[in-house]
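User: I would like a close look at one part of this model, the aromatic contacts, and then at what surrounds them. Please keep it brisk.

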Amino acid sequence: MFPMLTLLSMFYYICLRRRSRSGTRGEVLNSRRAMESSQRSLPLSVEVEQYAKEVLDFSSHYGSENSMSYTMWNLAGMPNVFPSSGDFTQTAVFRMYGTWWEQCASAPLPFRRTALSFHSQDYIELAFEEPVYPTAIEVLETYHPGAIIQISACSLNPFSQNPPADVRWEVLWAGEPSKALTPQARQFSPSIKQINFATNLIRLEVNSSLLEYYTELDAVILRGVRQRPVLSLYKMPLIDISDLSDSEEEREAAEAMSGKSSTGNGYFDKLPYELIQLIVSHLTLPDLCRLAQSCKLLQQHCCDPLQYIQLSLQPYWARLTDTSLGYLQNRCTLIQRLNLSWTGNRGAVTAAGFCSFVKACGMGLVCLELACCHFLTEGCMEVIAQTCPALQELSLSSCDRLHPQAFAHIAQMTSLRRLILYRTKVEQTALLSILTFCTQLQHLNLGSCVMIEDYDVVASMLGVRCRSLRSLDLWRCKNLTERGLTELVSGCGLLEELDLGWCSTLQSSSGCFAQLARRLPRLRKLFLTANRTVCDSDIEELAARCPALQHLDILGTRMVSAASLRKLLRSCPRLLLLDVSFCSQIDARTVQELSALFPAVAIKKSFTQ
């Protein structure tokens, strides 16, 4: 067994070397230039400094779609807060932080074969007034810095009437997820790679998993020069002609491994098919595609549809095109889980290209992730509804450009268990139709859906039609009242997660929160963020009725005391997260005392300097 694995790894190495040598002399020279990009020198030119002019796109934000508090739109223009530190509404804040959301029942299962180098959870794209050759990017972080893990530049000028035929993205800087030593403000300016095109479109990607609280960004500065930098002279190594063709030495080594001179596959023909499949299954998609070009035997393994049961194309959002989907189409005939989130924007993938792929490969799809896919049209939704009868999970998170009429087709997807409509323009009529026919829903996200007119009607329908519901996100729903909440919890007694953050129309005096606690004994996550009326009696009811509670957010309440929190912490031994930021009766000293008594609980209390 072990000699066979050794042979396979040696053969794989030789195949990759041959593949790397199959490029033209120009490609080889370009790759070596790229490796020495840090040695380039700038011309003597005036450096332009500019703040972001416009926010073009983003994956999520803490704020509302119709206000400026904690929204991504705060990143446009000059800083509002910096150099001050703390929690300010004038900054840009993403929706999540830490690992809390990944621990919830509503979190999707991770995709196998995702590139280990891909860590991004959120992104934002910023347009600047004038295209320049970047010399520096500066991000003004005002609270819990350290989330930024990648900065990219695009060759497209978003203000131009004549976009280029080939839109390129170039990574200027990339790093691992991290967090700063303190939550204080800082100016983040990593050393960036120089590129050979002018840009005024910058993309920041973030990972907040290591942060102890929400990261807040205040402004982004693009520095650069108008003239293309002059490249310094390189000491170019001599390139032997053998570098561009198969090596005789490698051919002899391959023959020696097989024990004879032949054109066969040596011991590879003797290995069990399943063993090679298992080894190949550990490769990322780009490696799989490269290995497929090395020999016919490995091409057969790399093109086997069993290798594409799960496929996440999100890490390759910058390179995915209609051509890419066409190339993968024959391999994905057995695909069950597909992640296209963030892909295809600015014409890289068309509605026609997507529909062609789904028609060919969608029959067995169980999970389809389409977050921030702005190429989607009503026709695409119709094709999904008609082609994917087994679909159980659908994410349209932040597909805010999809026409409201397109959501009506979701009602035909009657097998749905998980539906994410965060930051979409779904309207009430379409949503009620979805709830009427998709009665098996277990996880539903309606956060920041501003087109829904009456959330009480929606909540009532959920209580009647979706009794298997386990998680419901109503973040920033604008008009839910105690009547709708009462009907919701009366019918959906299996709820484990309920997000009512910033639902300001709910009043504790009506008894709705106490009834919620009595009706939902399985509750593990409850967000009552920014509801000023939450009081001690509500907390005590949760302590008595919800022993499985793990996450509780009561940010901003004025009526909760330290005594009721102590009772809650004693009664809920599984509690992991408690956010009491801006709770006027809970000061920093109280938080320290409670943290000492209950060290397993992360008690959050933000500050403003």
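Is Phe-375 buried or exposed, and what is its relative accessibility?

Analyst: This is a predicted model, and the values below are computed from it. Phe-375 counts as buried, because its relative accessibility is 8% and the cut-off for buried is under 20%.

Start with the ring pairs. The structure holds 17 aromatic pairs. One of them joins Phe-58 and Trp-73. Phe-58 sits in strand 2, residues 54-58. Trp-73 belongs to the loop between strand 2 and strand 3 (92-93). The two residues are 15 apart in the chain, and the pair links distant parts of it. Phe-58 is buried, at 4% relative accessible area. Trp-73 is partly exposed, at 29%.

Now the ring that pairs with Phe-375. That partner is Phe-354, with 5.5 Å between the ring centres. The planes stand at 55°, so this pair is tilted. The cut-off matters here: edge-to-face needs over 60 degrees. Phe-354 lies in helix 8, residues 351-361. Phe-375 lies in the loop between strand 12 (367-369) and helix 9 (378-387). The pair therefore ties together parts that are 21 residues apart in sequence. Phe-354 has 0% relative accessibility and counts as buried. Phe-375, at 8%, counts as buried too.

Arg-95 lies over the face of Trp-475, 3.6 Å from the ring centre. Another charge-over-ring contact involves Phe-159. Lys-53 lies over the face of that ring, at 4.5 Å from its centre.

Next, the strands. Strand 5 covers residues 148-154, and seven of its seven residues are buried. Strand 5 pairs with strand 8 (residues 199-206) in the antiparallel sense, over five bridges. Within that pairing, Ile-151 has Leu-204 of strand 8 as its bridge partner. Strand 5 also runs antiparallel to strand 6 (residues 169-174), again with five bridges. There, Cys-154 is bridged to Trp-169 of strand 6.

Strand 5, strand 6 and strand 8 each supply at least two residues to the lining of the second largest pocket. Strand 6 gives the most, with four residues. The volume of this pocket is about 820 Å³. Its lining has 33 residues, and the closest to the centre are Pro-315, Tyr-316, Trp-317, Ala-318 and Arg-319. By class, the lining splits into 14 nonpolar, ten polar and nine charged residues.

The largest pocket has a volume of about 1,500 Å³. It is lined by 49 residues. Met-96, Glu-102, Pro-108, Gln-121 and Arg-418 lie nearest its centre. Strand 14 (418-420), strand 15 (443-445), strand 16 (471-473) and strand 17 (497-499) each supply at least two lining residues. The lining of the largest pocket divides into 20 nonpolar, 20 polar and nine charged residues.

Definitions and conventions:
Residues are numbered from 1 along each chain as its sequence is written. This is a predicted model: local features need pLDDT of at least 70, side-chain atom pairs count only at pLDDT 80 or more; totals for chains, interfaces and linings use all residues. Side-chain values use heavy atoms; hydrogens and water are left out. Rings of Phe, Tyr and Trp (its six-membered ring) pair if their centres lie within 6.5 Å; planes under 30 degrees apart count as stacked, over 60 as edge-to-face and the rest as tilted. Buried means under 20% relative accessible area, exposed over 50%, partly exposed in between (1.4 Å probe, protein chains only). A charge sits over a ring if NZ of Lys or CZ of Arg is within 6 Å of the ring centre and within 35 degrees of the ring normal. Two strands pair if DSSP finds at least two bridges between them. On a 1 Å grid over the protein atoms alone, a cavity is a set of points where a 1.4 Å probe fits but cannot get out, and a pocket is an open set with protein on both sides within 12 Å along at least five of seven lines; lining residues have an atom within 4 Å of a point. Grid points are joined across faces, edges and corners, and a volume is the space filled by probe spheres set on the points. Ala, Val, Leu, Ile, Met, Phe, Trp, Tyr, Cys and Pro count as nonpolar, Asp, Glu, Lys and Arg as charged, and the others, Gly among them, as polar.
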